[in-house]
Amino acid sequence: MKHITLLLLFLSAAITTNCGGIIVKNLRKAGLVAQRNPDPMLIKYGAPSNLLLFEGLADTFSDNADLMSIIAQTYCSYAMGFVQDDEPERAMVLFMRGRDFGLRSLLLTSPFKKAVRAAAGKKPANQAEAIEQAVEHLEKGVDAIKDKKLVERLFWTGNCWAGWLNLAKKDPLALFDIPKVLSLMNRSKDLDDQYFYGGVHAFFGAYYAGLPSIAGGGVEKSQKEFDIAFGLSNKKLLLPYVLYAEQFATLIKDEALFDKVLQEVLDTPSDTVPEMTVANEIAKLKAKRLISKKNELF
């Protein structure tokens with residue numbers, strides 16, 4: 001599997017309150033402010049300390065599913081945006097940490113928890129065992145989720161897990177996790193395929209580009225998913241276009257398409273949607289990196 005992880009912006013705030021619900025509300029507001037910042041390096045160097053803060057909040061408000069989901073998003077975004085290209089082994093740890101917070105958010109979702117518990121046949125002794133049960137019986141839990149409002153939890157758990165898979169190519173056992181990632185992303189797609197500017201379609205576009213037709217992927221499937229992602233994004237979020245150049249254009253060996261798409265990314269204002277400013281700046285950094293590696297890709 002190639003790079004199929006998508007980007008969310010990084011939440012930065014120190015909130016002092018004794019109410020988990022208020023914390024989540026204020027973290028989301030602070031996140032919107034951070035997302036408007038045009039300097040991705042400010043986010044890069046601030047994210048680690050904020051992740052430590054979030055970990056502390058998770059211990060205090062361990063029953064707040066939205067907080068767990070925010071932490072999953074932040075780990076996934078930080079690893080994808082700033083770590084995986086230069087420190088893949090460290091990124092694997094971060095992605096897996098995000099995945100586990102995503103699973104914690106799902107385990108705080110009643111239908112998921114009940115389905116997993118029924119499949120496991122016993123109550124977990126601790127949080128680590130609960131996560132193990134969630135991994136083992138994931139598909140049962142995912143099938144039980146019917147509420148569109150829970151797409152965020154599915155989507156970011158799947159993206160964290162996919163980020164780890166992208167970097168675990170030397171581990172043959174990692175292949176057994178692919179159906180679990182697809183379960184999360186397919187349910188996300190079924191419930192709300194417009195979430196995060198159609199991010200799930202960009203996910204599948206990149207996924208299908210990494211598979212031969214005989215294995216269920218291929219050019220036509222990939223192009224179809226990317227086309228839907230582009231229609232839903234309409235250049236509000238630039239990462240799908242970077243993925244398209246990296247995964248699709250290189251697959252079909254089309255250098256002109258590669259150049260054209262990445263130049264469009266560089267030419268598109270990052271603040272078309274203010275809340276996507278830093279994410280789009282990061283997409284531009286990735287576009288420049290790809291351009292510099294063009295000779296290696298073709």
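Q: Which residues does Ser-105 touch, not counting residues up to four places away in sequence?
A: This is a predicted model. Ser-105 sits in helix α4. Neighbours up to four places away in sequence are left out, and the residues touched are Ala-65, Met-68, Ser-69, Arg-153 and Thr-157.

Q: Does Ser-105 count as buried or exposed?
A: Buried means under 20% relative accessible area. The relative accessibility of Ser-105 is 0%, so Ser-105 counts as buried.

Q: How many helices and how many strands does the secondary structure of the chain come to?
A: The chain has 298 residues, and 55% of them count as buried. Among contacts between residues at least 6 apart in sequence, 70% join residues at least 24 apart. The secondary structure comes to 15 helices and 0 strands.

Q: Are α4 and α6 roughly parallel or roughly perpendicular to each other?
A: Helix α4 covers residues 88-107 and helix α6 covers residues 127-136. They pack with their axes 10 Å apart, at an angle of about 85°. Angles of 65 to 115 degrees count as roughly perpendicular. The two helices, α4 and α6, are therefore roughly perpendicular.

Q: How do the residues of the contact of α4 with α6 divide into nonpolar, polar and charged?
A: From α4 come Arg-99, Asp-100, Leu-103, Arg-104 and Leu-107. They meet Gln-127, Ala-130, Ile-131, Ala-134 and Val-135 in α6. The division is 6 nonpolar, 1 polar and 3 charged.

Q: Are α11 and α12 roughly parallel or roughly antiparallel to each other?
A: Helix α11 spans residues 219-233, and helix α12 spans residues 239-251. Their axes come within 11 Å and cross at roughly 165°. An angle over 145 degrees counts as roughly antiparallel. That is why α11 and α12 are roughly antiparallel.

Q: Is the crossing of α11 and α12 left-handed or right-handed, and how do the residues of their contact divide?
A: The crossing of α11 and α12 is left-handed. On the α11 side the contact uses Val-219, Ser-222, Gln-223, Phe-226, Phe-230 and Ser-233. On the α12 side it uses Pro-240, Tyr-241, Leu-243, Tyr-244, Phe-248 and Leu-251. These residues divide into 9 nonpolar, 3 polar and no charged.

Q: How far apart in space are Ala-229 and Tyr-241, C-alpha to C-alpha?
A: Ala-229 is found in helix α11 and counts as buried at 0% relative accessibility. Leaving aside neighbours within four places in sequence, Ala-229 is in contact with Tyr-197, Gly-198, His-201 and Ala-202. Ala-229 and Tyr-241 are 12 residues apart in sequence, and their C-alpha separation is 9.0 Å.

Q: What is phi of Lys-235 near?
A: Lys-235 lies in the loop between α11 and α12. Lys-235 is partly exposed, with a relative accessible area of 29%. Its phi is positive in a residue other than glycine, near 65°.

Q: Does Lys-253 count as buried or exposed?
A: Lys-253 lies in the loop between α12 and α13. Lys-253 is not a glycine, yet has a positive phi of about 55°. Exposed means over 50% relative accessible area. At 57% relative accessibility, Lys-253 counts as exposed.

Q: What distance does helix α14 reach from its first C-alpha to its last?
A: Helix α14 runs over residues 277-292, 16 residues in total. Its buried residues include Thr-277, Ile-282, Lys-284, Lys-286 and Leu-290.

Terms used
Residues are numbered from 1 along each chain as its sequence is written. This is a predicted model: local features need pLDDT of at least 70, side-chain atom pairs count only at pLDDT 80 or more; totals for chains, interfaces and linings use all residues. Side-chain values use heavy atoms; hydrogens and water are left out. Axes are lines fitted to C-alpha atoms, for helices over the stretch in contact, and angles run from 0 to 180 degrees between N-to-C directions. Helices (H or I, at least four residues) and strands (E, at least two) are DSSP runs, numbered from the N terminus. Angles under 35 degrees count as roughly parallel, over 145 as roughly antiparallel, 65 to 115 as roughly perpendicular and the rest as oblique. A crossing is left-handed if the near helix is turned anticlockwise from the far one by less than a right angle, and right-handed if clockwise. Contact means heavy atoms within 4.5 Å. Ala, Val, Leu, Ile, Met, Phe, Trp, Tyr, Cys and Pro count as nonpolar, Asp, Glu, Lys and Arg as charged, and the others, Gly among them, as polar. The expected span of a helix is 1.5 Å times one less than its number of residues. Buried means under 20% relative accessible area, exposed over 50%, partly exposed in between (1.4 Å probe, protein chains only).
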